[in-house]
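The sequence and structure come first, followed by the notes.

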Amino acid sequence: MAGGMAPLGVKKERATEYKGQMTLAVAMACVVAAIGGSIFGYDIGISGVNTMDPFLERFFPAVFRRKNLVSLDNYCKYDNQALSAFTSILYLSGQVSTLAAAPVTRNYGRRASIICGGISFLIGAALNAAAVNLTTLILGRVMLGVGIGFGNQAVPLYLSEMAPAHLRGGLNMMFQLATTLGIFSANMINYGTLIIKPWGWRLSLGLVAAPALLMTVGGILLPETPNSLIERGRVEEGRRVLELIRGTADVDAEFTDMAEASELANTIKHPFRNILERRNRPQLVMAVCMPAFQVLTSINSILFYAPVLFQSMGFGASWSLYSSMLTGAVLLFSTLISIATVDRLGRRKLLISGGIQMIVCQVIVAAILALKFDADKHLSRGCSIAVVFVICLFMLAFGWSWGPLGWTVPSEIFALETRSAGQSMTVAVNLFFTFIIAQAFLSLLCAFKFAIFIFFAAWIAVMTAFVYVFLPETKGVPIEQMVLLWKKHGFWKNVMPDMPLEDGWGPGGDSALTDGNIHK
């Protein structure tokens, strides 16, 4: 410490001294932990049961009657706040529970939150599968939301801390890959259970218990992250785990960084208050803007209501589920592209290129619907194929950019002392905006009609410009040294206060975090 000040965390750049490689321990931990992402995706995709007639007839009879009215505007047949609440309550519950998950994750470890999330998912799945009235159905969705709050708070954090710095982007995307796999699986299951009447929807809602059980058991068997162990005073155990997951005993540099970060973390008693300080301003902005922008791409609206959206465009019930299944498959494939390229091309290039492609796709879909689709008519076969193709291109762009990176970037930028609080804030913001969009989308679709796609295209333009101006490249930067990155960014260096750093760090100093990692 200098001048009696509190510890400053990582004081020296040691990235080039890090040793280690991909090990079996890391691979198994990442696979099991990322199952949490598959449950999140499954709960998104399974919302497609809201177009199944037996489900609507039992829980939403008013929507069931309106669905078959030929005279009603196609854009407005599903405009029902109770039906929207079936989807959105999941995310309101998740938003509240993720704030409760932060102290659990920090004080009891990442595994504790993963286990709590798994148990909540199991309870929610049982309630939904056995639901006999709307109250039980909503209560089940609330419990699933609690699982999402704990799981989404802990899993990305867990993956970021377990992964070697040079592979962190790709491994952390296991969460998004699992999410897209969950979405695709839900679409496939909905398509299959559509013909199982009248209880096929129960099977769709109950099958989430399978990955939930794997997540719970995996959370019990997984090792805790070394960062969490060191932060909680179990230093020797933390070093042993670090040696295990890096496959070498030569971990002095990385261990020292963790110890220095932990020294500061343990002086912080109120991380949510600390995250508001000026020196954490860049991370705070990213924790709010990245998850908010991810939702405002409209991806969740398309995933939640894909069958409804396609039926509103004139597709039949089975064809609408088939089309949503196809778009889910494209999203899964594009996430694999992102995993393969993120640690070579970097975060910024993928986010900017994906944003541009999504804008073009949104505008094209709006134009087709404006010119070829009236409120009381169906699209022609050719136009229907064109719409599905362009939405697939939209999914492709989202899947290699904002889909995985909307989670990856916030999970890797926080210092240890604010990491749990920062991840909670990221998840809470994501779930809040998801709740708002999920609750409002059917009403917006009824009011805006084809212009709903222009509305979201405008937001994508804003977020693409935001990345270009404000987000530095985080590729290859060790997670414990991310704070040093902001001090060299053209905009953020003027926002952050001066901090005494060792070995030339600070204004004018040299660093292994080269200007190639910084957007100036």
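Buried means under 20% relative accessible area, exposed over 50%, and partly exposed in between (1.4 Å probe, protein chains only). The model is predicted, so local features need pLDDT of at least 70 and side-chain atom pairs count only at pLDDT 80 or more, while totals for chains, interfaces and linings use all residues. Residues are numbered from 1 along each chain as its sequence is written, and side-chain values use heavy atoms, with hydrogens and water left out.

**Overall fold**

- The protein chain has 23 helices and zero strands; helices (H or I, at least four residues) and strands (E, at least two) are DSSP runs, numbered from the N terminus.
- The chain is 520 residues long, and 61% of them count as buried.
- Contact means heavy atoms within 4.5 Å. Among contacts between residues at least 6 apart in sequence, 81% join residues at least 24 apart.
- The protein chain exposes about 18400 Å², with carbon and sulfur atoms supplying 67% of that area. Accessible areas come from the Shrake-Rupley method with a 1.4 Å probe; for residues, only the protein chains shown count as cover.

**Helix 8 (174–193)**

- The expected span of a helix is 1.5 Å times one less than its number of residues. For the 20 residues of helix 8 this gives 28 Å, and the end C-alpha atoms are 28 Å apart, which agrees.
- The buried residues of helix 8 include Phe 175, Gln 176, Leu 177, Ala 178, Thr 179 and Gly 182.
- Ser 38 is in helix 1 and is buried, with a relative accessible area of 14%.
- Beyond its neighbours within four places in sequence, Ser 38 is in contact with Ala 178, Thr 179, Gly 182 and Pro 211.

**Helix 15 (281–296) and the residue after it**

- The 16 residues of helix 15 should span 22 Å at 1.5 Å a residue, and its end C-alpha atoms are 22 Å apart, in agreement.
- Helix 15 is largely enclosed by the rest of the structure, because 13 of its 16 residues are buried.
- Helix 15 is followed by Ser 298, which is in the loop between helix 15 and helix 16.
- Phi of Ser 298 is near 85°, a positive value in a residue other than glycine.
- Ser 298 counts as buried, at 2% relative accessibility.

**Disulfide**

- A disulfide is taken here as a pair of cysteine sulfur atoms within 2.5 Å. A search of the whole structure finds one.
- The disulfide joins Cys 76 to Cys 446, with an S to S distance of 2.0 Å. The pair links distant parts of the chain, 370 residues apart: Cys 76 is in the loop between helix 3 (61–67) and helix 4 (81–108), and Cys 446 is in helix 21 (residues 416–448).
- The link of Cys 76 and Cys 446 is right-handed, with 90° about the S-S bond.
- Cys 76 counts as buried at 9% relative accessibility, and Cys 446 counts as buried at 17%.
- Cys 383 is also buried, with a relative accessible area of 15%.

**Second largest cavity**

- On a 1 Å grid over the protein atoms alone, a cavity is a set of points where a 1.4 Å probe fits but cannot get out; lining residues have an atom within 4 Å of a point.
- Grid points are joined across faces, edges and corners, and a volume is the space filled by probe spheres set on the points.
- The structure holds seven cavities of 30 Å³ or more. About 120 Å³ of space lies in the second largest cavity.
- This cavity is lined by 15 residues, of which Phe 40, Ile 44, Gln 294, Asn 300 and Trp 407 are the closest to its centre.
- Helix 1 (24–45), helix 8, helix 16 (299–312), helix 20 (402–412) and helix 21 each supply at least two residues of this lining.

- Ala 438 lies in helix 21 and is buried, with a relative accessible area of 0%.
- Ala 438 and Ile 89 are 349 residues apart along the chain, but their C-alpha atoms are separated by 8.9 Å.
- Lys 449 is in the loop between helix 21 and helix 22 (452–470). Lys 449 has a positive phi of about 55° although it is not a glycine, and it is partly exposed, with a relative accessible area of 27%.
- The peptide bond from Lys 197 to Pro 198 is cis, with omega near 5°. Pro 198 is in the loop between helix 8 and helix 9 (200–206).

How values were computed: 1 Å grid on protein atoms, 1.4 Å probe; cavity = no way out; pocket = protein on both sides within 12 Å on 5 of 7 lines; lining within 4 Å.
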